Amino acid sequence: MTLLGLMRPQAPRVPDRYLMRRLWRHPSGRAGLLLGALLLVFALLGAVWTPHPPDIPDYANALKPPSLAHPFGTDSTGRDMFSRVMDGAQRSIGSALLVLAAVFLIGLAVGILSGLARGATDILLMRLADIALAMPPLVLGFAILGLLGPGLFNLLLAVVIAEWAYYARLARALSLGARSRPHVVAARMAGVPRWRIIWGHILPGVALQLGILATLQLGIMISVISGFSFLGLGVQPPHAEWGALLSESRLFFAIAPWLLIAPAVAIFLSILSANLVGIALRDIETPEGR
Amino acid sequence: MRDARSPLARGGLAAAALLRIGQALVTALAASVIVWALLPLAPGDVAERVLLARGLQDLTPEEIEATREALGLNDPLIVQLFHWLGGVARGDLGQSFTSQAPVSQEILERLPATLMLLGLALVFSAVLSLLFALIAAAYQDRWPDRIIRLYTQIGAAVPTFVFALLALTFVVVGFQMGRVLADPSWSAALIPALIIGLDRAASWTQLLRAGLLEAMASGYAEVARARGASERRILLRHALPNALLPFLTAIGISIGALIGGTPLIESIFTWPGLGAYLLEALSARNYPVIQGYVLIAALSYVVASLVVDLAAMALDPRLRSQNP
Amino acid sequence: MTLRSLLLGGALALTALPAAADDIIRMATSFQIRSMDPVSQGFWMQEFGQGELLMKFQPDGTITPWLAERVERTADTTWVITLRDGVTFQNGKAMDVPAVLAAIAFHRERNSGTQAVLPAAATFTQTGPLEITVDTGVPVPEMPSILAHESRLMIIDVAPVLAAGEDYEALEGAGIHTGPYKVVDLTDQRMIAERYDGYWQGIPAMAGVELRFVSDVNARILAVQNGEVDIALYPPIAAAPVFAVTPNVNLALGAPSTGGFLSVMDVMHGAFEEVEVRKAVMRAVNYEELANEVFHGAKIPATGLYNPRFPWAVENYSYDPAQANAMLDAAGWVRDGDTRSRDGETLSVTLMIYPQQPDLVPLSNAMQAYLRAVGIASEIVSVESVNEAAMNDLVEWDLAMVATGTATVGSVSGFLNRYVACEGDRNYGGYCNARIQELIETLDVTVDEDSRYDMLREIQTILVEEDPYVFNATILIERALVSDAWSDYVPAVAWNHIKWDTAPNK
C-alpha cells in the first residue's frame, strides 16, 4: 500500500505447507519473488562492489546525463548515480529487513511469552503494546527521533519501537489459538515438556504468520525509511539511501531530472515486489487459489 | 438481523458504544502519560536547553538551577506527571522553548491548515476511489477495469511523498501551477490535496473494487438477478452498501497514516501546518512542541478510530458483540 | 470531470493570486526571527531595513558614519561620536543624545556580545548637543567596528522596550527603530514592515517589506522561480548550474565577504588532540578545487585566515597532500587503503554541520574526500545549532564547520576573542595557546596599526605552522537569488540586505 504511514495489513491465513511452491505457481507471486530476489542481489552486490566509488566526488564529471559509463548520470559532485543507487540499496532494503527482523523477533518473543504466561506478565506486556498502538503510525517514530536526534540507527530504533506492538499482539493471539489446538492439548496431557511444546508446536505456526506479515510490510518499511531519510532524519550524508538521494537530487531537477527518477524507480520496484507477493498470498488464502 | 431493531439490541448498541468510548478515554490517558515521559527521557539538561533556546549565553549554574526550579523539574516525577496531566486537562501543553509562546496556542494556529489539507485530501481520495471502483466493477476485466487496475498497482507501489515530490517538481513548478509558499486557503490546498488524494485513492480503489466484486458474486446478488434487476441496480443498490463497511474501516486506518505522514507532505508542499511545525521543533529539540504534537496526533487518532468504530457499529449490528 | 480539467481549473484560480505587481520587497530567508526581543533577536532588524547603527561597514572594507555624523579618536582611550541631526525613531521620537545613551546603556546591561567587546569601565557622556564622548579606560582600537556591528549597539528607543518587558509582541508597530521600514507584524511565518515616511535619508523606495521565513532551500528557490518572492537569501552555491538555466532565477554576486566557511577542530578530544593530525588536515584541503569546482567559482579560494584584501592577511595556506601523508606517516599512523591506524585505533573524525547553510553539505562531502585522500575516515553529523552542540558537548564532534567572519565588519578582535581565546564563548574546541592568548590580549589594547599587523601575522603563522586549530575552507562572496525584475540587486556586505533605496531594476 502506498501509505506514508505504516499500514497494518491483516496477515492472511495461509496453509503453511507448500507455501513457496504455491507462491511460485501464482503469476503475481512469481513476478514478485523474482523482482525481490533481483533487488536483493542488487543490494548485496552494492554492499561490496559498485562500478564507481559511490561517495567520492569527481567534480570534472558533475551532472552528466545518462550514458553507458553512467547509466543514471552523475550527481552535482560527479558521483555516479547508478553506483549511489546501488550503494543505497543496502541502506534502503537492508534497513527495512533489519527493522522487520527486529520487530519479528521481539513480537514473537513478547507475544508467545504473553500468550503462554498469562496473568500479570500478560497484562503488563499487552498494556504496553496497547499504548504503543494508540499512537498513529509514525508519530511515535517522530517523537523518538526528536529525543535522540537524527541518524540511521536512531531511525531504525524509532521504527522498531513504533512497530513491535502490532507483531506482539498478533503473536499472542496466534499462540493462544495454537494452545487450544487438539494436538497441543494432547501433547500437554501426555506430559511433553513445556519448552518442547512451544518449540515444536506453537513457535513454527506463529513464526510463519508473523513472517508473512513482515513480508507484506517490507514495501511499507522501505517507504518509511526513505521518507525519514528524505527529511534528513535518517541516513546522513554522504551515504546514499534512496530517500536521501531524492532529497539531494531535488535541487537539480531543472537540469538533471533523471537524478530524481532513478531513486524513485528503485523505491517503486521494491514496494511493487512486496505488493505482488502480497497479492499472491491473499489469493492463496481464498479457496479458489488453493 | 431482526435483533437489530429490538430494544435489547439498541441497549446493546449503547453499551457497546459506551464501552468503546471508555476504552478510547483510557487509551488517550495512556497516550498522554507516554507523551509526558518523553521529557524525563530526553538526553541532556532540559533547563539548560530552555535557556539556550531563548538565546542566552554564558549560563551560570545558578541560572540553570533557577530555571529547573521554575519549570518544576526538581519535583518528584510523579508530581511532574500529575502537573502535566492537569495541564493537559486544562488544555495547557507548556511553553515552546524557542518562541516562549504557549504550545497549545501555536498548535491551534497551525491546526486549521493541516485539517484543511488533510480534509480535502480525504474527500478527494474517497470520491476518486468510489468513482474508480464503481467503474472498474461495472466493466470488470474490460479495458476501463484494466486501466484502473494498472493505476492502482502503480499507485500502491509509489510512496505518497515520492508521488508528491514528482508531481510538485514536474507539474506544479514545471507548468507554474499554484504557489510554493502557500498561505493556508482552500484554493491553495486544492492541488496538494488532489495529489495526495490521487495517490491515496489507488489502494482504496483496490479495496473497494474487491469488495464490490465479492458482493456482486454473492447469493443475494444472484437472487436480485433472478428477479430481473439490472446489473447497475445490483451494483449500486446491493453491492455498494455491503462493500462500504470494510471501506469505512480502511479509511479509519488511513486517517492514522495520514496524520503520521503530515510532516513529510507538509515539508514537500511547504504547507504551514502542524507537520511542518513538528519538523521545526524536531531540529531544535523543542520538546514541549514535540510533546504537544504527539499528544494531539494520538488524541485525533483515538477520536478518529472511535468515530469509525461507532459508525461501523451503527451500520453493522454484528460488530456490537465483538470486542473492537 | 477529468483530471486535466480539474488541474487546469485549480491552476487558473491560483495563478491569478500573485500576478498583480506590487511595490513591496518580497524576500525569503532561511532563519526565523523568533521575537522582537532586542537583545537576542534584535540584530535581524539591521538586515531587513528596520534598525540602524552608528557606523556602517562598506564593501571596500572601510567603515563610514551612518546614524553618526562622524566618529573620531581624540586620544588612545577617548572617542568622540557626533550624532546626525534630524533623525527620528519610527514612532516620531527624536534620536537625540539621551536616547542614544539609553540605547547604549541598554545593550551594555543586557547584551553579552556588547559586554564582551566594551570594557565595563568605559563611560559614555554627553559633551555637546549632538556629541557623545567615550572614555574607554583601556584602549579599544576597533571602536568603529563595534559601532558598525549589528549585534552590539543597535540604536533603539528604549522606553517602549522597557515598558513591554517580556511581552515582545507589544513591540510590533511600536517603531523602536530608525530605519526605512517599520515592523508591523511578526509571526512564525513572516515579518511585515511598512515604509516609514519620516525616514531621515528620504522617502524609502518601496511601500514595505514582506520577509518570509522559509527554512527549506528548495522552497526558497522555487518561490523565486514561481515569482512569489523577489529575493531569496542563502542560496546553495553548489546549485549554480541550475540557476544558470532556470527561468526567472538569477544568482546575484556581491563583494567578497569578510567571512567564510571556517573549520574548527576539537583539540580536547579525539584525533585532533594531536597537533600533527591538525597540521596534516590543513594541508589535505584542496582550497582551489573547493572554490572553483565545488562552488563553481562563486567563492574565493582560501589562502589564509583572512580575506587577502586586508593589509594584515598572510597567505600561508597550501594544498599538499603528499606532505600531509608524510606527517601522518611520521606520527605513526599506518596507512591501509583509505584508512590509517595506530595501536589498533583507527584514525577517524566526525564533521559537524548545520542545516541552515545548505552549502555545508557539499563542503563537508568534499572535506570527507580530502580527508580520505590522506587516510582519515570521517562521518558527518548535522545539528541545529553548532554553538549549542559544541559548547555543551551535546554530540561527539571533531571538526565543526561554521559560516562565520574572521574580520566581521573589519574587526579582528571579535573572532579572536570568541573563537580562539582560551575562555572564548565560542571556543568550541577548547583551544588554548599561550602565545596566541598573549597576542590577542595585547592586540585588544594596541592602537598602533603596524604593531597590530605584526601581531596578527604572528597569530596566523602559529595557526598554520605550530598549533593549528581553526582554518578557512573558502571565502564567501555575498550572494542572493533574485528574480529577473530584481537582477540588478547587489547582495550586501554586513548583512544589510535591505537599504532605504533598495528597489527593483529601473
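This text walks through a predicted complex, chain by chain. The model is predicted: local features need pLDDT of at least 70, side-chain atom pairs count only at pLDDT 80 or more, and totals for chains, interfaces and linings use all residues. Residues are numbered from 1 along each chain as its sequence is written, while chains are lettered from A and ligands numbered from 1 in the order in which they are written.

Start with confidence. The predictor gives the complex an ipTM of 0.84 and a pTM of 0.84. Two residues are in contact if their C-beta atoms, placed from the backbone, lie within 7 Å. In chain C the mean pLDDT is 90, with 95% of residues at 70 or more. Its residues 1-21 are below 50, and that stretch has 19 contacts beyond near neighbours in sequence.

Now chain A. It has 10 helices and 0 strands. Helices (H or I, at least four residues) and strands (E, at least two) are DSSP runs, numbered from the N terminus. Along the principal axes, the C-alpha atoms of chain A fill a box of roughly 75 × 45 × 30 Å. Of its 290 residues, 54% are buried. A residue is buried if 20 or more other C-beta atoms lie within 10 Å of its own, exposed if 12 or fewer, and partly exposed in between; the C-beta atoms are placed from the backbone. Among contacts in chain A with a separation of 6 or more, 70% involve residues 24 or more positions apart.

Chain B meets chain A. Here 42 residues of chain B are in contact with 36 residues of chain A. Several helices of chain B each supply at least two residues to this side, among them α1 (7-41), α8 (186-216) and α10 (231-268). The largest share, 9 residues, comes from α10(B). This side of chain B divides into 29 nonpolar, 10 polar and 3 charged residues. Ala, Val, Leu, Ile, Met, Phe, Trp, Tyr, Cys and Pro count as nonpolar, Asp, Glu, Lys and Arg as charged, and the others, Gly among them, as polar.

Stay with α10(B). Its axis and that of α11(B) come within 7 Å and cross at roughly 95°. Axes are lines fitted to C-alpha atoms, for helices over the stretch in contact, and angles run from 0 to 180 degrees between N-to-C directions. The two helices are therefore roughly perpendicular to each other, a label for angles of 65 to 115 degrees; under 35 is roughly parallel, over 145 roughly antiparallel and the rest oblique. B:Thr262 and B:Pro263 are among the α10(B) residues in this contact, and B:Leu274 and B:Gly275 among those of α11(B).

Chain C has 16 helices and 20 strands. Its C-alpha trace spans about 80 × 70 × 40 Å along its principal axes. With 506 residues, a compact globule would have a radius of gyration near 23 Å; chain C has 24 Å, which agrees. That radius is taken over C-alpha atoms, and the globule rule is 2.2 Å times the number of residues to the power 0.38.

C:Arg190 is found in strand β9 (residues 190-195). C:Arg190 counts as buried because it has 21 C-beta neighbours inside 10 Å. Leaving aside residues up to four places away in sequence, C:Arg190 touches C:Glu210, C:Leu211, C:Arg212 and C:Phe213.

Technical notes. pLDDT is the predictor's confidence in each residue, from 0 to 100.
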